[in-house]
Amino acid sequence: MSEPVVYQPEHFINRELSWLEFNARVLEEAQDPSNPLLERVKFLSIFSSNLDEFFMVRVAGLREQAFGGVAPQDVAADGFDALLQLQRIWQRTRELVEQQYRCWNKAILPALAEQQILLLKECDFDKSQRKIVDEFFRQRAFPILTPMAIDPSHPSPRFHNRGLYLAALLQRTSGLGPAELFAVVQLPQVLPRFIDVGGPHESKLVLLEDIIACKLSELFGGYESAHHATFRLTRDMDVDMLEQESDDMLRTIESRLRARQHSEAVRLEVHKEMSRDLLETLIGEEQLQENYFVEGEKYSEVYRVDGMLDMTALNELARLPGKDALRDAPFTPRQPLGMRRGDNIFAEIADRDVLLHHPFDSFDPVVDFIQSAAEDPHVLAIKQTLYRTSGDSPIVKSLIQAAENGKHVTALVELKARFDEANNISWSRQMERAGVHVVYGFMDLKTHCKLAMVVRQEGTKVRRYCHLGTGNYNPSTARLYTDTALFTSNKLVADDCTALFNFLTGYSQGHEWKKLVIAPTDLHRRTIELIDEQAARAREGKNARIFAKLNSLVDGETIEALYQASQAGVPIDLVIRGICCLRPGLPGISDNIRVRSIVDRFLEHSRIMVFGDAGKEHIYFSSADWMPRNFERRVEVMFPIEAPELKRRVCEEIIPAYLRDNTRARVLMPDGTYVRAAAWHDEPEHRAQRELLAASSGVQLPKLATPPAATETDASGKSKNASQKSKQGA
């Protein structure tokens, strides 16, 4: 019997660097000229938004560990300490930001100009444009702007997280005051970032900061600008929401939100032409690191950029009216049979389980499910978890209507959904005023599961209808994210859902779970059991297979279980959108594991797991990724897909589409880099999301490829085709 493998740090990829490579794949979509132009602009915006959150949460946490002595919450298997991670993050982020601005300056701006979308500077203005700028400044901007001088009698203001500021060195030309003055102006978020100065049939745009910069002498009367430049700070926003017990969770979280505005800076972005004097003033005020060395390599929290700061604002440009030809073609999601508006949705779910794959399948049945329950006189109760939803949510409105109609309505609202806390507080109060029984979950756990249950009187019996999903109850993001969901009236599932709601609202425990697998109690253990079962089958010479589609794979124990299954000969296909700490293709470690990531028009958010070969597979959907936080610090649900027709759809339509994608898929290599999947010899090009859209629209598609065959093992337990590599990874 061979000695068990002892896993070393080099067998794992660093979590933070893996995330940066995911964002690099987002940036690649902006760089890809095959994408419509304004979609490329949108991807530049998404890249910036992603990076902001990364710094506010992940980099902020590492900074506390490196400079504040805070112990890490999860110990990384890769062996990197906090300082080394910060240095590697700065190095890679600097490279990516340089690519971002090169893409904007060298590719996107010229392409926009070819489409008659022009970004003007002051020197480009003609007489009519200058008049528009003057009117905009005097009528809209000037009444809002607050000029702020900084000197001993005017202390530096507290610069807001992600606020955009114009800093200036001013020289007095008349009147009172110092001869030289350091001053700042915040660009108000209530004003548009791009101001149109063109005619009715042309798009000629000016950045807000450029308008304010050319009007500094009007804003600071008696002074003129000697030098000006924009800057932007990112602050630590990962304030511990619940570091102490509180009798009122809602008030506790409101106070933490206010505390965020006074947190430490973790990143300073400045225009490359900012003077050294201005830069040193800002660095000193915010106590940032600029020339810190880690193992002989530089680490800095200052980023000089060649162009407009805060490219999240490009989302405004991407929505420019009248430019539909420069965007992805609109689509109409499929309305499943029996689930269309006006159908008896409860009769349909009573008759059969229904699988939805958003956005290819419409989200309307989910909204209609709650709306119908609110209006149906036979419905007695509605129970639902809400993690994130839209500001003007039809789901929330339906829950309020149901309560007003006298039904018993319970909403489990997760107030700790990061960056959505304020929204959740607002509509929670609306529901409470309407009579909805609002519960805020646990102090030390996030309720991340997506679950709704309707209790209905049908003759002398009471029947329960359940909706379980991988995504949030948000109609807006349901058109932008891929997610999967199940409608069922299965009694065992309903028993488990009832028990889970009782646990969430009243700590009720002791239920024996029949169908659902719950975190933090059982999900981690059961996941590893399912992996180990396939490894055992392979060692016995039986067919075995593992497929998992996730957002992130981080948990060390789960990765080690996958390594052991690979060594037993189990073929493993992983579609991991974002972070993946597993290294595929390591000799003797992970030879049988293939990892791919798909970044495309829709954000891949569905979580699908398959254990076993064709005909005998166990299929699960889940709200959880394979991460320590999901296994240990969240309430999550993994639920089975058991109806034969639904299993066929997963295994014959959905999974093959993702595995054969050779245009938007990237393959993870053993060294941690990603390479574009490519068509093999004369193989046609495949693009998963496009093909799934076509299938949902009824367009005739080529016959779907058969999923990779389960690997047989010989008597020794060694895979007969273990040496065969996937086409894309070869």
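1. Helices H2 and H3. The axes of H2 (residues 37-68) and H3 (residues 82-114) cross at roughly 165 degrees and come within 11 Å. That makes H2 roughly antiparallel to H3, a label for angles over 145 degrees. H2 passes H3 in a left-handed crossing; left-handed means that the near helix is turned anticlockwise from the far one by less than a right angle. Axes are lines fitted to C-alpha atoms, for helices over the stretch in contact, with angles from 0 to 180 degrees between N-to-C directions.

2. Basis. This is a predicted model, in which local features need pLDDT of at least 70 and side-chain atom pairs count only at pLDDT 80 or more, while totals for chains, interfaces and linings use all residues. Residues are numbered from 1 along each chain as its sequence is written, and side-chain values use heavy atoms, with hydrogens and water left out.

3. The chain as a whole. The protein chain has 19 helices and 29 strands. These are DSSP runs numbered from the N terminus (helices: H or I, at least four residues; strands: E, at least two). Of its 730 residues, 57% count as buried, that is, under 20% relative accessible area with a 1.4 Å probe, protein chains only. Of the contacts (heavy atoms within 4.5 Å) with a separation of 6 or more, 73% are between residues 24 or more positions apart.

4. Helix H4. H4 (residues 127-141) has 15 residues and reaches 20 Å from its first C-alpha to its last, close to the 21 Å expected (1.5 Å times one less than the number of residues). Gln129, Val133, Asp134, Phe136, Phe137 and Ala141 are buried. Seen down the axis, the buried residues fall within an arc of 160 degrees, so they line one face of H4. The arc is taken from the directions from the helix axis to the C-beta atoms. On the other side, Lys127, Lys131 and Gln139 are exposed (over 50% relative accessible area). The cover over the buried residues includes strands S1, S5 and S6 and helices H5 and H6.

5. Helix H16. Its 13 residues (556-568) should span 18 Å, and the end C-alpha atoms are 18 Å apart. Buried residues in H16 include Ile559, Leu562 and Tyr563. Among the elements covering the buried residues of H16 are helices H15 and H17 and strands S21, S22 and S23.

6. Thr234. Thr234 lies in strand S7 (residues 223-235). Thr234 is buried, with a relative accessible area of 0%. Leaving aside neighbours within four places in sequence, the contacts of Thr234 include Asp52, Phe55, Met56, Asn161 and Glu264.

How values were computed. Angles under 35 degrees count as roughly parallel, over 145 as roughly antiparallel, 65 to 115 as roughly perpendicular and the rest as oblique.
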